[in-house]
Each structure stands twice: as C-alpha cells, then as structure tokens.
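Student: I am new to this structure. Could we go through it together and ask what lies behind each description?

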Amino acid sequence: MTHPEFQVAYSRLNSLGDNLATYLAELKAGLEQQGDSTAGLDDIAKNISSSLKHLQNHTYQVAVVAAMKAGKSTFLNAMIGTDILASESASCTVCRTDIRHIPNATDSELLEYREGSSHPISLAKGNAQSIQTAFLHRTREIRERNNPDQTVNFELRHPIAAIQDLSFLSGLVLIDTPGPNEWESAGFETNELKKTTLEVVRKCNAVLFLLDYTSYKDNAITGLFQELVKGRKEFLRENSGRLYFILNKIDQRGEKDPPVVETIELLKRELEGFGFDYPQVYAASSRKGLLAKMILAGTASSDSRSDFIRFFSAAYATENEEGDLITPSPKKIAPQALEDSGIPIIENSVIQEIIRQSGWHFLEEIVASLDKEAVSIETLLKTKIAGWNQSIEGLRRLIESYAQKSESAQERVEQVRRKVDAEKKIVTDHLSKGIDQFSDRSKERFHAVIEEIVESRRQGKTDFEGSKDKSKKEKSKKKGQKKENQEGYSEERPSSQPLSTYATPIIDGLGEGIGAVLQMLNPKLAGIVQGATKVIANIVHFTTDFYESLEPPVVEIMKKDVGTPNFDPRKIQCKSQDEAKKIEEKINGYFGPHLQSWWLETQDLLIRNGNQVRQEISQSIRQDIQAISDKLAFHLGQALEIDLEVTPIQFLDFDFEGIDRLIEVQQMMIPRERQEKKKRKSGGCCSKTTYEIKIVKSSETVYCIDLDELSRSLDMMIDNQNQASKEVLSRAVAHQVHQDFRSAKIQIDQYIKGFQRQFEEILSRRESESISHERIQPILESALSQVAEIRQSLREADHSIPRQ
C-alpha cells in the first residue's frame, strides 16, 4: 500500500478516536445529569486521550551515517528543503543533531543539550540563515576547543519539506550522526562510526549509509561494514529493509567513469560480499536536489541560483534551429533537476519502508488500544444494566461474592510479582556476569600481548623480526583451529595450550548455570541467556598483531636497551622523553581501539539481548495477568447472567522506548543519586582516554615505560568501567521489567476495583431510591447501542489494515 492509502487509514482512525472521546464525554454528562455514578469513566477517558496523542505525535527516526566529507549535511538539507545545517570542508557534525519536524507557521529554533542538564540552551531562533550561522559558529567552537562545555547533542526544530503534506509523519526525526573527527586516530575513527551505527541500527526506523561517489571504498566505511555484519548477520537479515546505501555526489562523475548504473551494481555486489542481503542502493546528487527544492519553493538566494546555473543548468540546455544552445530558466529546469537528483525517489522509498515496517503495526496497536477502551465502556454499561436489574438482596450477595474473588485475584497478582522478581534477578545477574566475562577476557588478551613483549625482551632478542615471524606462524596455526559461527564471529576450537586458565570456566559455565534455573521459570529465556554468553567469548580478539603495528623507528627504540647493564625486560628504557612518547602512542593506538571495539560489540549484544529478555518476560506477565482478568470476567458473567467480552491486558510497543533509552535515563539518575558532580558513563570502556601509561624518569638521561604498571593500569580501568556498566545496564533492564509489571497491575487493579466501586454505588442509589430504574435503564441501553456501533467501525478499520 502507498502512503496516500496510509494517510487515509491514519485520518480515519484519528476521527474514530475523536468520536469515541466525544461519545464518552456525552455519556458521562448524561449519567451525571441523572445522578448516576460515572466511576471508571475518567480512567477510560485518559486512556483514549493518551492513544490519540500517540497517534498524532508518534516518533519515527531516520538516521544518516557517513564518514567525513561524504556530503551528509547537504543530503539532510536536501530532505529538509533548505540550506540550514552547518556545512563546510571540515567535519561539521561534531555532535548528534536531531531535526524535528514542525508546522510551517512555527518559528524554527536551534537547541543545544549539555551533559548533566535536561534543559536545552537556545542558540538561535528565526530564519534558516541565522540558524545556520549560529550552528556553524558553535560547531567550530566545539571542534577547536575540544568541547569544553560537554555538549551532548543539538536539536533543530524546522519544517521538513519531504513530509510537509503527510500528517501521519508529523513526529518524524532526522538524525544527523557524528562521523569520525579528523584529529582522531584511524582506530578510533572506525570505532566512532561503529558506535554510532550500532546504536541507530538498533533504534531507528531507517538507516541511510551515505557514500561519497569519489571515494566510496574508503577504509573507514569498509571497516565499518565489516564490523557491522560480524556478529549480527541474522539481526541484519531480519532488518535489511531498514538499511539504505546512498551513493552521493554522482554529479562529480567524470566522462571516463563507468555509467552510474554499473557503479551501483558493482557496489551491490561488494555489499553482498560483506554480508548484506539484497542491499538497497540509490544514487543521489544532494546539492542539485537541495538547490532545485529551494528554487521551486522560492527560497533560493541569489548565490544559490548562481550555483544552480553554474553547476547544473548546462545539462538541460537545448539546441535551436540555428545551432545555438538555449538554457531554460532555473524555475523551468528545477522540477526535472529535482527528479534527476534522486532525492524524491529516496524520500519516497524511505517513507514506504517506514509504513511497511512499523506504520501499519502502529495503527494496529492504536486500533487495539481504542477498542480496549470501547470494550471497557461496553462492559461497564452491561454490568450497570445487570446491577440495576438485580434485587437489592441479590446485589448485596454479588458484592460479597465479588469481594472474595477480588481478594483471591490480588493474591494471584502477588504470586506473579514474586515470579517476575525471581526472573528479573536472574536476568540482571546474567547481564552482570556477561560484562564480567568481557572484562576477564579483555584482561587475558592484554596480558598475553604484554607477556609476549616481555618474553621477547627477556630472550635477549635484538631484532623484533623474529617475534613478527613467530606471531605470523601462531596466526597461521590458530587460523586452522578457527571456524566462523552463523553470526560471523570466529570461534576458536580447543587448543592444547589455552591462553588463560581462569577465563574458560566462566565462559563455559555461565550460560548453563543460569539457563538451568531459567528453564524452570521460562524456557525461552534459557535460550536467550545461553546464546549471548557463548557469543561474548568470541568477541574479544585482536584483529591485528602488536608487532605488525610498529614502524621501524619504533622497533629501533624498543630494542635499544636490550642487553645493556641495567636491562629489565619489563621496563622499556628510552634515551629521551620523545622516544618514550612514541612508544606510548603506539601502545595507546593498539590497546585503546581494540578495547573500545570489544566493548561496543559486547554492549550491542547485551542491549539486543536485553530487549529480547524484556519482551519475553513482558509477554509472560501479560499472559499471567490476563488469565486472572479472564477468570474474574467469567465469574461476573455467570453471577449477572450476561456475556462479558474479555478486556485485554496490553503492553503496546509504542509505549516501550527500548533499552537504549532506559540506559540514557539511568546514566543521568545514578550520578544524581550519588550526588556526584560529574556524570559517569556506562560506556566508559568506549572512552578514548581509557588508561594511563606512566613514563618515569629513572635518571637524568633515561625515561622508563613500566609494562607491569601498564598491566595494572589496564586492569584498574577495566574494573572501574565494569562496575559502572553493570550498574547502568542491569538497572535499565530491571526498571523496564518493573514498569511492565506495574502497567499490568494498574490495568488489573482498575478492572477489579472498578466493578467493586460500581456495584457499591448502584446498591447505595437503590437503597436510597435517589434514581429510579425506569429513568436510568433507557439511557444505559442507548449508550450500549452507540458504543456497539463505534466498535463495529473500529473493527472495520482494523480489517482494512494489511498484515505483514
């Protein structure tokens, strides 16, 4: 189905929700006028209002990921329809920027969020030019001063031309992701891209990888794709429709270059080689699309018109009878130029994917939530009518019997709570032990490398080539002992000489121990837990050898002290501080990026794992509480001799923001609880300053790097961040499971207490004879007929929604 059809379905549902809210308000007014109870109707009204707000403001997120200078800001400007995001030759996206759509009549505004504060700072407000100037000035300041204010992200509130006529996408957010900054090392560049990409792939409705036509085989992008596929082949296969690859700047294609169609096919084959199934590749000229949109909207400046004429108009010139080239005006060229830019095709494809992948499901949930409230109204009216038809004595017996059933139901709810608490404890322990496993494995790997350096020095080697050759032989040997699992990780087969004697028991025993306990509570959770712990064991491995990362000058420095009188294999002695600094840089450049990469992989695995766990536990909660609700409904129906439809216990996807968002919240909450001045991040292992190498001046002319001190520093850093990470991740999952149970308890409490209160009020009015049965009965029966009609309309709307 196309987005016009989706717009119709969206508008229809919005209208039905308004009708239900209006009907309920009229029902409430009518009952109050008769002096009858409206107990329970206020809660229903709040729920209907909440569903309508979700419908009208539902957030869809589209992220754009790119290496530096791929034209990301220009591409986003083309989607927005105006030149507003900062754009210059240097890397401009220093922090994540969320572009939130607002109506055309609303003033645009640029906001800045800083670490430790939930209140943004307004940087600029008004037209696009003033906002862009402020934005550019601020990004330069952050880049040049190394972000002293701890800016976390920007938010731009501005109309997005791509969706200006689509009210169902009014909550769309375009995400301009920060790419690697030019002053960072190559290892951290890839990790920064990786960190951003893993997060948006987990969270966003669509992810657009922007590739520069002139350099799309760039090492950073190639490394990113290799890292992205590794360990998550199945996940990417299930979500392949959300991933787009945009070959940008095709206007820079040279005459001798192959046709764009051939380049796209070649890129598709390369992406398939990385492991992307059926990749969606589009070509784009962002600059052409942006200028064309601005010309059509009448917002292009004289400079923008000049750029359009200079770079793009010639392609649309035609020859007259005399052989003169005639170039139409920019206004006449713009519609075709916009189409040729590829921007509209990409926009339409992304919108269609959002609708297919999550839009229709979201409408399903809105229909379900509105129908649940309609069922609640219907049930309330039926029980009211039945209550008024009871004798006073019969009503008293009903209240007494229902009170006993309610008490029994509350006891069963408490049993569910205890079961959930047990599962929650085991799962959070699993997450903590998974991080412990990562820490132990990381230490083991680092210690092995350091000991290899020490051993080479102890044997008195004066040439590190021997170590390099040994390393290559070891690699070749290990390669034969490895196989690739279904997710793309390298699985090591048992070796006769394992690197560690303490990591293996943890790795082997972790999943089975927890799985055995979970098997008794929830069999599906056992598989999730065991699967994650097995994968973590394969994440921590070096992609390059330490010796191979050394240039000859550094090798020369490292071997100078071998064989000297004061030689100590565990202390590298250098003749100058500059020499020591060169070794320090190499150690940092080797250990730091590896550690960061390992943690990114582990964190991504545990978050995806946490989402699965939450989904499984929430489903169990819903089923258990639903069974209690169903039993109550059956008892009521029998006692009143009426048919009561089951009121569903619901956990709606649009209410769940994901583990990523919960982690952000916990990162802000934990430091406040401890009254710390600075917020501590869970992703501390991803920090670029992860540990400290101490260069000690042991004499007037000798500077020493202590490898034992390096080991201790690494261990201490890993342990510190281990604790922070465990606390944040475990609390995020535990909090969500608690919230799910709380939501279910609120729903069942409203159900239980609503009937109890209603019957007691009917009895009170019957005993006082304040309302006659003859006056209230027609009102209730008329209202029941009306809500049945509304429910029929909701069923028709539900049937019109295509199922995946």
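This is a predicted model: local features need pLDDT of at least 70, side-chain atom pairs count only at pLDDT 80 or more; totals for chains, interfaces and linings use all residues.

Student: Which other helix lies across strands E7, E8 and E9?

Tutor: That is helix H8, residues 260-274, running at about 150° to E9.

Student: What makes E4 and E9 edge strands?

Tutor: Nine strands form an open sheet in the order E4-E3-E5-E2-E6-E1-E7-E8-E9, with mixed pairing. E4 (121-126) and E9 (280-283) each pair on one side only, and that makes them the edges. From one strand to the next, the twist averages 20°.

Student: How do you know that E1 and E6 pair?

Tutor: Two strands pair if there are at least two bridges between them. Five bridges join E1 (residues 60-66) to E6 (residues 172-176), so the two count as paired. They run parallel, and Tyr60 stands opposite Leu172 in E6.

Student: Why are Leu41, Ile44, Ile48, Ser51, Leu52 and Leu55 of H2 called buried?

Tutor: Buried means under 20% relative accessible area, so each of these residues falls below that cut-off. They cover an arc of only 95° around the axis, which puts them on the same side of H2. In general, an α-helix has 3.6 residues a turn, so residues three or four places apart point the same way.

Student: What do the buried residues of H2 pack against?

Tutor: They pack against helix H1 (3-33) and helix H12 (343-389). The face turned away from the buried side of H2 carries the exposed residues Lys46, Lys53 and Asn57.

Key:
Residues are numbered from 1 along each chain as its sequence is written. Side-chain values use heavy atoms; hydrogens and water are left out. Buried means under 20% relative accessible area, exposed over 50%, partly exposed in between (1.4 Å probe, protein chains only). Helices (H or I, at least four residues) and strands (E, at least two) are DSSP runs, numbered from the N terminus. The arc is that of the directions from the helix axis to the C-beta atoms. Contact means heavy atoms within 4.5 Å. Axes are lines fitted to C-alpha atoms, for helices over the stretch in contact, and angles run from 0 to 180 degrees between N-to-C directions.
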